[in-house]
Amino acid sequence: MISAKAADEKLLTVSASPHVRSATTSRMIMLDVIISLCPALIASVLIFGLRALAVTAVTVASCMLSEYVSRKIMKRSNTLGDLSAIVTGMLLAFNLPSSIPFWMAALGGAIAIVIVKQFFGGIGENFVNPAITARIILLLSFSSAMSSWPVPRQGLMVKAVDAVTGATPLAVISEGSGSLPSLTDMFIGLRGGCLGETCALALIIGGLYLIIRKVISPAIPLSFIGTVAVIMLIAKKGDFTALSYQILSGGLLLGAIFMATDYSTSPISFKGKIIFGIGCGVITCLIRIFGSYPEGVSFSIIIMNILVPHIEKLTTPKPFGTPKKEKKAKEEAKA
Amino acid sequence: MASEKNKVIKAVKQVKGGVIVNHHKTTANCEVVRIPTPQTVMLPMQQHIGAPCTPTVQVGDHVDIGQVVGDSDKFVSAPIHASVSGTVKSIQNIKLPTGNMTQAVTIESDGENRYWEGIKRPDIRSKEDFIKAVRASGLVGLGGAGFPSFIKLSFKEEQHIDTLVVNAAECEPYITVDYRECLDNSWDIVSSIDILCSLFEFKNVIIAVEDNKPDVFGVLRDVASAHDINHSNVKLMTLKSKYPQGAEKMIVQSATGRKVPPGKLPADVGCVVMNVGSVAFLSRYLKTGKPLVSRSLTIDGSAIANPMNVRAPIGTNIGELIDFCGGFKEEPCKIILGGPMMGHAIVSTNHPTCKQNNAILAFAKDDTILKPERDCIRCGRCAQVCPINLMPTLITRYTKAKDVAALKAAGVNVCMECGSCSFACPAGKPLVQHMRLAKAMVKEADAK
């Protein structure tokens with residue numbers, strides 16, 4: 001037993017309240033995201049072979065190395081421990097064809113981390129999604145390597161044929177020639193495309209995991225995919241099969257579940273999230289319907305990323321109990 | 001309350017946000033133990049929100065229990081009474097745990113515990129008599145804030161007060177004194193409500209308790225029926241155990257569905273909120289005339305040898321209280337006055353307890369390590385848990401940019417510093433500290 005007097009001779013810790021904290025840390029959140037990406041990673045290996053894993057390993061390693069070196073040069077603390085570089089690396093790989101040369105994949109990782117993330121202050125400060133921006137830069141720089149798609153295995157037990165390249169379903173729809181895979185194949189991912197975007201099943205499992213673990217709110221994925229569904233249903237004149245191809249093809253699920261929900265580049269408030277999701281959906285559809293490029297998810301997310309500060313400003317909730325009349329009066333005053 | 005059909009009702013409206021905290025109500029089964037009279041007590045002149053009192057005694061004066069030792073002529077204040085009988089030893093300036101300086105009267109006990117001869121049962125004939133008596137009792141909100149109780153009750157006719165909310169939510173972890181008050185002094189609570197109802201004609205009285213203390217309802221109902229008190233307008237309400245359910249604005253919303261606007265008080269939406277301990281005290285005071293000279297405190301935490309609930313004279317040294325509970329079983333690293341969410345860390349146990357202190361918590365080193373501060377990942381958890389819809393992450397940015405206009409627009413002054421944002425932050429940001437900085441910044445700018 002220690003008496004109060006004896007204890008007083010030692011210095012006590014003083015800090016601002018609260019004196020307890022939740023167990024959740026940034027690292028745990030990022031770890032959850034990594035876990036949620038694993039089903040899609042496994043699916044990509046099954047669909048496109050071990051090269052999918054190799055590409056992912058290269059981008060993850062490149063991201064981690066870039067993060068370490070760039071922060072060292074900028075004399076900032078080492079932030080590898082928050083695992084966000086691994087998440088960026090995985091997401092970038094998921095947005096690349098499995099046949100991409102390794103050096104391009106590595107370059108993409110460096111662009112994502114150094115230019116998009118660290119130049120703007122590191123985690124939480126980047127205003128566009130690093131993985132998507134890197135993908136777009138690669139796409140514009142090396143368009144042929146970035147748009148030749150290895151054909152997936154024909155059935156899970158057959159070996160993938162690396163040499164042959166085929167078209168993605170969206171390109172088929174856009175050009176109106178070639179044959180589409182069946183909807184079942186689309187759902188389990190047996191189609192041409194970026195290595196992580198094809199298996200809808202795995203992406204949905206990962207998304208549900210994130211929602212159950214409360215890492216993301218379903219607001220953005222649902223409003224994003226919902227908007228695409230509504231617009232496409234109108235555009236395709238109520239053809240549900242065509243609609244299903246639109247939902248399952250391209251990077252829509254990957255983008256809506258994992259990229260548009262990126263904390264740094266999406267609004268915080270619920271209303272803001274809905275506006276953001278709808279905006280992404282509208283731009284995706286405009287590009288898919290009217291654009292010369294068959295895929296619009298990356299561009300839609302990056303455009304909405306840039307609008308986030310404005311969405312935030314418009315959707316900042318009023319403090320508890322602010323009278324409704326005052327709200328209206330303020331809005332009128334603004335207008 | 002007595003009628004059989006009067007069941008426990010559910011909250012009218014669920015409070016948004018908030019966090020789930022570990023309750024740690026380890027002292028729930030500890031009946032309140034009265035400590036032996038301390039050798040000396042120190043009575044700070046600021047034990048309430050409002051103007052500090054000035055000492056009305058001089059060094060060398062003899063005082064008895066219940067004699068006024070400090071009072072103020074300002075409206076927002078409450079008198080302070082001697083909590084032991086003895087001699088005034090000194091009047092000196094001390095630093096409160098909040099960092100503010102105040103005068104404090106130290107009384108050396110003569111061990112006789114004699115009550116002051118001037119103590120008599122208050123003669124209540126009207127509302128005004130009652131409010132005067134409540135002021136004279138020195139009662140302040142015993143839940144932690146310490147707002148003088150008589151002010152809450154001196155509302156005007158045109159405010160149309162129709163609801164009394166008896167706050168027994170006790171949402172802060174560890175603290176169990178309100179729970180013990182409900183179980184052990186249930187008759188005081190019930191009879192107080194009876195008196196308050198007959199004086200103020202409340203249309204509704206809601207006794208609100210978090211759902212982790214369901215036994216409270218049975219006890220209160222039994223007591224009410226045994227004493228044949230039957231107010232059909234008294235309701236027992238169970239609230240979801242969620243911090244900060246017991247905050248005034250939150251409990252008003254839960255109990256009535258009304259929202260207290262920014263910068264307003266519960267009275268502005270027709271409610272009076274009183275802590276259950278304050279309510280129970282009123283009945284004892286009206287019977288005996290003994291002012292607020294002692295109170296119950298929970299003494300707990302991983303460093304305390306025998307956690308328990310104690311009743312101690314106001315102004316008892318914290319160190320003495322801890323020694324009464326067997327001292328420390330482990331070396332204490334942090335000692336908190338109040339609950340872990342909103343309490344103040346103190347620098348030494350050589351401090352007096354005040355009227356509004358409801359707990360002393362001492363923690364060993366392992367329980368005081370907070371997660372290291374990292375960069376904000378903009379996850380938005382702080383905004384999600386904020387019960388009053390603020391965006392702490394944005395406010396932190398404005399604070400760093402010293403943007404007072406943006407801070408005001410963001411509603412930083414509405415923040416009640418409940419601590420939910422800091423609790424939830426995965427990056428370990430001291431958000432409440434930023435909020436306080438921001439408030440100080442706004443205050444300073446307004447003063448210019």
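**View 1. Polar contacts between the two domains of chain B.** Between domain 1 of chain B and domain 2 of chain B there are 4 residue pairs in polar contact, with both residues at pLDDT 80 or more. The count of salt bridges between domain 1 of chain B and domain 2 of chain B is 0. The model shown here and in the other views is predicted. On the side of domain 1 of chain B that touches domain 2 of chain B, the residues are 8 nonpolar, 2 polar and 2 charged.

**View 2. Division of chain B into domains.** Domain 1 of chain B is made of residues 9-28 + 121-288, and domain 2 of chain B covers 381-447. A distance of 29 Å separates the C-alpha centres of domain 1 of chain B and domain 2 of chain B. To the contact, domain 1 of chain B gives 12 residues and domain 2 of chain B gives 13 residues. Together domain 1 of chain B and domain 2 of chain B bury about 910 Å², with 66% of that area on carbon and sulfur atoms.

**View 3. The interface of chain B and chain A.** The size of an interface is often given as the accessible area lost when the parts come together. For chain B and chain A the buried area is about 4,700 Å², of which 59% is on carbon and sulfur atoms. In chain B, the most area is lost to chain A by B:Ile377, B:Arg378 and B:Met391, which together make up 16% of what that side buries. The contact involves 65 residues of chain B and 46 residues of chain A.

**View 4. Polar and charged pairs across the interface of chain B and chain A.** Chain B and chain A have 21 residue pairs in polar contact, both residues being at pLDDT 80 or more. The rule finds 3 salt bridges across the interface of chain B and chain A. A salt bridge joins the side chains of B:Glu331 and A:Lys10, at 3.0 Å from N to O.

**View 5. Elements of chain B that touch chain A.** At least two residues of the side of chain B that touches chain A come from each of several elements of chain B, among them helix 6 (248-256), helix 8 (318-324), strand 17 (344-346) and helix 13 (431-447). Strand 16 of chain B supplies the largest share of that side, 5 residues. By class, the side of chain B that touches chain A has 33 nonpolar, 18 polar and 14 charged residues.

**View 6. The antiparallel sheet of chain B.** Strands of a sheet pair through backbone hydrogen bonds, either parallel or antiparallel. This open sheet of chain B has 4 strands in the order 3-9-8-5, with antiparallel pairing. Strand 3 (40-44) and strand 5 (62-63) of chain B are the edge strands, and each pairs on one side only. Strand 3 of chain B runs antiparallel to strand 9 (residues 101-109) of chain B, with 5 bridges between them. Opposite B:Pro44 stands B:Ala104 in strand 9 of chain B.

**View 7. The parallel sheet of chain B.** In chain B, an open sheet of 5 strands has the order 1-12-11-10-13, with parallel pairing. Strand 1 of chain B runs parallel to strand 12 (residues 234-239) of chain B and is joined to strand 12 by 2 bridges. B:Ile9 has B:Met237 in strand 12 of chain B as its bridge partner.

Methods
Residues are numbered from 1 along each chain as its sequence is written. Chains are lettered from A and ligands numbered from 1 in the order in which they are written. This is a predicted model: local features need pLDDT of at least 70, side-chain atom pairs count only at pLDDT 80 or more; totals for chains, interfaces and linings use all residues. Side-chain values use heavy atoms; hydrogens and water are left out. Contact means heavy atoms within 4.5 Å. Buried area is the accessible area (1.4 Å probe) that two parts lose on being put together, summed over both. A salt bridge is a side-chain nitrogen of Lys or Arg within 4 Å of a carboxyl oxygen of Asp or Glu. A polar contact is a pair of N or O atoms within 3.5 Å; within protein, one must be able to donate a hydrogen and the other to accept it, and residues adjacent in sequence count only if both atoms are side-chain atoms. Ala, Val, Leu, Ile, Met, Phe, Trp, Tyr, Cys and Pro count as nonpolar, Asp, Glu, Lys and Arg as charged, and the others, Gly among them, as polar. Domain bounds come from an automatic or database domain assignment. Two strands pair if DSSP finds at least two bridges between them.
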